[in-house]
Amino acid sequence: KGSALHAMESLVDGYSRIRRTGDNTALIMSNDVNTLKASLELLTKMRPFPFISHADNFIKAFFLDLNEPDMILEWTRQHPEYPSHQIGGLVQALGSKETQAVFGRTVQTSDRVKALLHQVSLLSKHHKLPSSSITVAQLAAES
């Protein structure tokens, strides 16, 4: 189960590094996780596959609206299992829809996105990955 947790944390970390998103990004990621889950359940015989919700919850955040920063801040408060760099990456990805390409160069991140990034970093500065605080007993009990 420890490797399952590591796999889901690695997946979320990869998704947090996405810098540009489109309208279907979250749907594509969700499809990827569902396909991975089905394959891993077949391979490992673990049903349900443990810690899949860690990736699912992060992907759902890609549906948040940058025009509603209070919802993003509330999501940040409710999810201490995602460290600051992952939530910051999420906000930057959400903000990428706001940037435009001008003569092949990307316009800098808006002041609004920068302000939200600052607020999110303050809220999440003590957040830690689940594997950094989970005990062997908790890991064994996780379903």
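Reader: Let's start in a loop. Where does Lys45 sit?

Author: Lys45 is placed in the loop between α2 and α3. Helices here are DSSP runs of H or I with at least four residues, strands are E runs of at least two, and both are numbered from the N terminus. Before we go on, this is a predicted model, where local features need pLDDT of at least 70 and side-chain atom pairs count only at pLDDT 80 or more, while totals for chains, interfaces and linings use all residues. Residues are numbered from 1 along each chain as its sequence is written, and side-chain values use heavy atoms, with hydrogens and water left out.

Reader: What is the phi of Lys45? And is Lys45 buried or exposed?

Author: Phi of Lys45 is near 65°, so a positive value, and Lys45 is not a glycine. Buried means under 20% relative accessible area, exposed means over 50%, and partly exposed is in between, using a 1.4 Å probe and protein chains only. Lys45 has 62% relative accessibility, so it counts as exposed.

Reader: And Phe51, buried or exposed?

Author: Phe51 comes out at 9% relative accessibility, so it counts as buried. Phe51 also lies in the loop between α2 and α3, and its phi is positive as well, about 70°, although it is not a glycine.

Reader: Which peptide bond is cis?

Author: The bond from Arg47 to Pro48 is cis, with omega near -10°. Pro48 is in the loop between α2 and α3.

Reader: Now zoom out. How many helices and strands does the protein chain have?

Author: There are 7 helices and 2 strands. Along the sequence they run α-α-α-α-α-β-β-α-α. The chain has 143 residues, and 37% of them count as buried.

Reader: How do I read the packing of two helices?

Author: Two packed helices are described by the angle between their axes and the distance between the axes. The axes are lines fitted to C-alpha atoms, for helices over the stretch in contact, and angles run from 0 to 180 degrees between N-to-C directions. Under 35 degrees counts as roughly parallel, over 145 as roughly antiparallel, 65 to 115 as roughly perpendicular, and the rest as oblique.

Take α5 and α6: they pack at about 160°, with their axes 9 Å apart. That makes α5 roughly antiparallel to α6.

Reader: Which residues in α5 and α6 meet?

Author: In α5, Ser84, Ile87, Gly88, Val91, Gln92 and Gly95 meet Val113, Leu116, Leu117, Val120 and Ser121 in α6. Contact here means heavy atoms within 4.5 Å.

Reader: What about α4 and α5?

Author: Their axes come within 12 Å and cross at roughly 160°. So α4 is roughly antiparallel to α5, and α4 passes α5 in a right-handed crossing. Ile72, Trp75 and Thr76 in α4 meet Ile87, Leu90, Val91 and Leu94 in α5.

Reader: And α2 with α3?

Author: Their axes come within 10 Å and cross at roughly 170°. That makes α2 roughly antiparallel to α3. Ala26, Met29, Ser30, Val33 and Lys37 in α2 meet Ile52, Ala55, Asp56 and Ile59 in α3.

Reader: Which residues touch the most other members of the largest nonpolar core?

Author: A nonpolar core is a set of buried Ala, Val, Leu, Ile, Met, Phe, Trp, Tyr and Cys residues joined through side-chain atoms within 4.5 Å. The largest one has 33 residues, and Phe58, Ile72 and Trp75 touch the most other members. The elements giving two or more residues to this core are α1, α2 (25-44), α3 (52-60), α4 (69-78), α5 (84-95) and α6 (111-123). The most comes from α1, with 6 residues.

Reader: What does Phe58 touch?

Author: Leaving out residues up to four places away in sequence, Phe58 touches Val12, Tyr15, Ser16, Trp75, Tyr82, Gln86 and Leu90.

How values were computed: A crossing is left-handed if the near helix is turned anticlockwise from the far one by less than a right angle, and right-handed if clockwise.
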